[in-house]
Amino acid sequence: MSSETPTDRPEVPVESTLLPEVPDVEGKAKASDDPVDRLEAGSGKEECLESLSKRQRKKLLKQKQWEEQKDLRRQKRKEKRQKRKLERQSKLDSSSEGNDRKCMRREAVPSTLRLIVDCSFDDLMVLKDVKKLHKQIQRCYAENRKAFHPVQDIQIRTEHYSELIKKEDLVYLTSDSPDVLRELDEKKAYVIGGLVDHNHHKGITYKKAVEQGIGHAQLPLGNFVKMNSRKVLAVNHVFEIILAYLEKRDWKEAFFSVLPQRKGAVPLGVASDSSKHAQSGKEDEDNDSDSN
């Protein structure tokens with residue numbers, strides 16, 4: 001029987017009693033929450049993509065597209081600013097152009113010539129034709145405002161024109177007059193018959209001028225123009241032709257700057273093609289009605 005002393009016993013390694021290292025669960029979870037951060041870290045992109053959910057892939061794709069389109073968005077914002085700048089400049093230019101037109105209108109030289117529309121024929125017209133006449137007078141007013149040589153302001157008066165103007169200063173414009181107007185006398189007052197008659201009252205304005213003992217004349221239409229229709233013109237056409245003559249001082253230019261195509265007007269001596277100037281079945285509400 002042998003006895004062993006403590007020094008004779010084999011040494012037994014003592015295991016470390018340190019606590020096992022606790023993983024940083026919160027940190028790892030946080031790092032793994034964002035797939036974009038994981039990809040940017042450069043660790044196993046392909047492996048990472050395979051492990052992503054469909055929703056995460058969409059998020060990643062959207063972010064990638066957003067980054068790639070930065071320059072495009074910047075360019076679009078630049079173009080939008082430029083467009084607004086051009087629009088503002090265009091408005092300023094339009095305003096300037098409008099002011100220029102106003103200046104031109106103020107520089108217009110009014111004529112001393114007077115034009116009168118004889119509105120004493122209402123009882124000879126149906127309501128439809130009276131309305132047409134009113135539209136024609138409105139057109140006269142608008143054209144006079146734009147003219148370079150406007151006639152005296154249009155006024156509505158209840159008195160007869162013979163009570164306001166001396167007889168020797170009056171000239172009734174009627175297509176039935178044997179006298180042809182050569183020049184406009186700006187000291188005179190020219191009367192236009194306000195009658196939309198559709199041929200029902202032929203010669204009535206000439207008859208009225210003779211009865212009143214005032215001068216009468218027809219525009220020199222037949223000296224310059226060949227027409228497919230009657231030489232009787234609408235009130236606003238006569239008015240506009242006179243305004244045009246005051247500006248151009250040329251009857252031919254005045255006629256052809258105003259006469260509507262439906263009248264089939266061509267310069268005298270030039271053959272007209274009837275097929276080109278065929279009359280339409282329905283006439284225009286504003287201009288197709290003639291006055292004697």
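In the predicted model, the axes of helix H6 (residues 127–146) and helix H9 come within 8 Å and cross at roughly 15°. Because angles under 35 degrees count as roughly parallel, H6 is classed as roughly parallel to H9. The crossing of these two helices is right-handed. On the H6 side, the contact is formed by Leu133, Gln136, Arg139, Cys140, Glu143 and Asn144, which meet Val235, Asn236, Phe239, Glu240 and Leu243 of H9. By class, five residues of this contact are nonpolar, three are polar and three are charged.

Helix H9 (residues 235–248) also approaches helix H10 (residues 251–258), with axes that come within 8 Å and cross at roughly 135°. This angle makes H9 oblique to H10. The crossing of H9 with H10 is right-handed. From H9, the residues His237, Glu240, Ile241, Ala244, Tyr245 and Lys248 take part, and they meet Trp251, Glu253, Ala254, Phe255, Ser257 and Val258 of H10. The contact of H9 with H10 comprises seven nonpolar, two polar and three charged residues. Glu240 is listed among the H9 residues that meet H6 and among those that meet H10.

Two residues give a local view of this region. Tyr245 lies in helix H9 and counts as buried, because its relative accessibility is 3% and the limit for burial is under 20%. Apart from neighbours within four places in sequence, Tyr245 is in contact with Arg182, Glu183, Leu184, Asp250, Trp251 and Ala254. Trp251 and Ala254 belong to the set of H10 residues that meet H9. Glu183 is 62 residues from Tyr245 along the chain, and the C-alpha atoms of the two are separated by 9.4 Å. Arg249, in turn, is located in the loop between H9 and H10. Its phi is near 55°, a positive value in a residue other than glycine. With a relative accessible area of 43%, Arg249 is partly exposed.

The strands include an open sheet of four, ordered S1-S3-S2-S4 and paired in parallel. Its edges are strand S1 (114–118) and S4, each of which pairs on one side only. From one strand to the next, the twist averages 30°. S1 and S3 pair in the parallel sense over five bridges, and Leu115 stands opposite Tyr190 in S3. Helix H9 packs on the sheet, where it touches S1, S2 and S3, and its direction makes about 155° with that of S3.

S2 is joined by four bridges to strand S3 (residues 189–193), and the two run parallel. Within this pairing, the bridge partner of Leu173 is Ile192. Three bridges join S2 to strand S4 (residues 215–217), again in a parallel arrangement. Here Tyr172 stands opposite His216 in S4.

Tyr172 is also one of the residues touched by Lys208. Lys208 is placed in helix H8 (residues 204–212). At a relative accessibility of 15%, Lys208 counts as buried. Not counting residues up to four places away in sequence, Lys208 touches Asp118, Ser120, Phe121, His160, Tyr161 and Tyr172.

Across the model as a whole, the protein chain has 10 helices and six strands. The chain contains 292 residues, of which 31% count as buried. Among contacts between residues at least 6 apart in sequence, 74% join residues at least 24 apart.

Technical notes: Residues are numbered from 1 along each chain as its sequence is written. This is a predicted model: local features need pLDDT of at least 70, side-chain atom pairs count only at pLDDT 80 or more; totals for chains, interfaces and linings use all residues. Side-chain values use heavy atoms; hydrogens and water are left out. Axes are lines fitted to C-alpha atoms, for helices over the stretch in contact, and angles run from 0 to 180 degrees between N-to-C directions. Angles under 35 degrees count as roughly parallel, over 145 as roughly antiparallel, 65 to 115 as roughly perpendicular and the rest as oblique. A crossing is left-handed if the near helix is turned anticlockwise from the far one by less than a right angle, and right-handed if clockwise. Contact means heavy atoms within 4.5 Å. Ala, Val, Leu, Ile, Met, Phe, Trp, Tyr, Cys and Pro count as nonpolar, Asp, Glu, Lys and Arg as charged, and the others, Gly among them, as polar. Two strands pair if DSSP finds at least two bridges between them. Buried means under 20% relative accessible area, exposed over 50%, partly exposed in between (1.4 Å probe, protein chains only).
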